[in-house]
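Please work through each task with the sequence and the coordinates at hand before reading its solution.

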Amino acid sequence: MLRYCGPFFFLGAIPLFFYGAGAGATFAAVILLLIALIGVEIFSPRGAVAPVSGSRGFRLLLFLYIPLQLILIGWAIFAVGGVTLPGFAALVLSVGVTTGVFGVLTAHEAVHSGARLEETFGTAMLSGMLYRHFRIAHIHGHHRWAATERDAATARLGEGFYHFLIRTVIGQFREALVFERQRCTARHLSIWRNRIARDIVLTAMLLGAIFFLAGWRGFVFFLLQSAVAIMVLELFNYIAHYGMVRGIDSHGRPEALRDDHSWNSSNVLANRLIFNMGRHSSHHQRPAAPYQNLEHFACAPELPAGYTGSILLALAPPLWRAIMDPKARRLRAQPA
């Protein structure tokens with residue numbers, strides 16, 4: 001399981017650079033690590049690595065990482081009280097990036113597990129970025145409708161990231177709200193059993209506690225790092241199914257998810273840093289499979305620069321479209 005411990009180095013770099021070189025150096029540290037990750041994705045080996053059996057040790061990493069990420073967020077909320085504006089911005093970006101990459105990946109893995117304790121950990125992590133409804137929209141919306149127009153988290157061909165960001169944030173919340181309303185109505189549950197209603201109350205309590213304990217600077221920091229984390233998460237969503245289309249039958253049901261309904265990365269070392277999420281086709285075909293059991297599909301479509309490089313590419317929509325639109329069109333033109 002030690003091969004998946006890379007995220008802990010990113011996490012530890014932030015307070016290490018903060019106390020060793022000043023607040024402004026923390027973001028530089030994360031940028032250097034991200035550049036190293038891009039280098040890994042470009043130059044390190046690609047291909048298949050056999051899934052690993054066993055799960056106890058691999059699950060332990062989730063139980064270790066999520067509390068540490070939440071502790072880092074809590075530490076930063078109070079640490080920003082005495083820093084300059086550049087240092088404040090550096091902490092927002094560095095903490096937000098680690099939350100949006102590794103915090104989200106561990107939360108995603110936990111909420112998919114079906115185990116009550118892991119779901120609690122995953123929801124706690126999502127609370128640390130004000131995105132608790134993701135666990136509902138992702139499981140009950142995205143995994144049902146991925147690569148169709150009904151899915152708010154699937155980017156359309158030709159859609160720029162910034163337009164997608166607004167549409168998906170609103171759409172996923174609406175999906176979660178509708179699902180919870182239908183679930184509670186069907187089961188005759190009270191309003192308090194509605195998870196979205198509880199999320200709103202608990203989020204308001206969390207924000208109130210942060211403002212009371214850490215003041216306005218800590219409060220603003222938490223909001224901004226959450227915004228950065230949400231943006232990073234939605235960049236993952238944006239590139240994962242960009243331009244993909246699944247057929248819909250006469251009864252309105254989508255066809256089964258195939259290898260070519262997700263963009264993948266076969267980079268071996270990079271996948272160890274992102275809990276094998278580069279094997280995205282495998283994840284969608286077996287959503288409950290632990291990350292160490294995900295498989296590499298040789299015929300699955302590949303992102304042009306791995307997940308990290310492609311995320312940066314998506315921030316420049318004209319460049320992204322120039323590279324990805326022809327790839328997506330060729331893929332769509334191929335027979336099923």
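**Exercise 1.** Identify which residues of α4 meet which residues of α6, and describe how the two helices pack.

*Solution.* Step 1. In this predicted model, local features need pLDDT of at least 70, side-chain atom pairs count only at pLDDT 80 or more, and totals for chains, interfaces and linings use all residues. Residues are numbered from 1 along each chain as its sequence is written, and side-chain values use heavy atoms, with hydrogens and water left out.

Step 1. His108, Val111 and His112 of α4 are in contact (heavy atoms within 4.5 Å) with Arg135, His138, Ile139 and His143 of α6. Helices here are DSSP runs of H or I with at least four residues, numbered from the N terminus.

Step 2. The residues of this contact comprise 2 nonpolar, 4 polar and 1 charged. Ala, Val, Leu, Ile, Met, Phe, Trp, Tyr, Cys and Pro count as nonpolar, Asp, Glu, Lys and Arg as charged, and the others, Gly among them, as polar.

Step 3. The axes of α4 and α6 lie 10 Å apart, at an angle of about 70 degrees. Axes are lines fitted to C-alpha atoms over the stretch in contact, and angles run from 0 to 180 degrees between N-to-C directions. α4 is therefore roughly perpendicular to α6, a class that covers 65 to 115 degrees.

**Exercise 2.** Determine how α3 (residues 56-79) is oriented against α4 (residues 85-112).

*Solution.* Step 1. The axes of α3 and α4 come within 10 Å and cross at roughly 150 degrees. α3 is therefore roughly antiparallel to α4, the class for angles over 145 degrees.

Step 1. Among the α3 residues in this contact are Leu62, Ile66 and Trp75, and the α4 side includes Leu91, Phe102 and Ala110. By class, the contact holds 12 nonpolar, 5 polar and 2 charged residues.

**Exercise 3.** State what surrounds the largest cavity.

*Solution.* Step 1. A cavity is a set of points on a 1 Å grid over the protein atoms alone where a 1.4 Å probe fits but cannot get out; lining residues have an atom within 4 Å of a point. The largest cavity has a volume of about 150 Å³, volume being the space filled by probe spheres set on the points.

Step 1. Its lining has 14 residues, of which Leu233, Phe236, Asn237, Met277 and His280 are the closest to the centre.

Step 2. α8 (195-240) gives the most to this lining, with 4 residues. The lining has 8 nonpolar, 6 polar and no charged residues.

Methods
Parallel < 35°, antiparallel > 145°, perpendicular 65-115°, else oblique. 1 Å grid on protein atoms, 1.4 Å probe; cavity = no way out; pocket = protein on both sides within 12 Å on 5 of 7 lines; lining within 4 Å.
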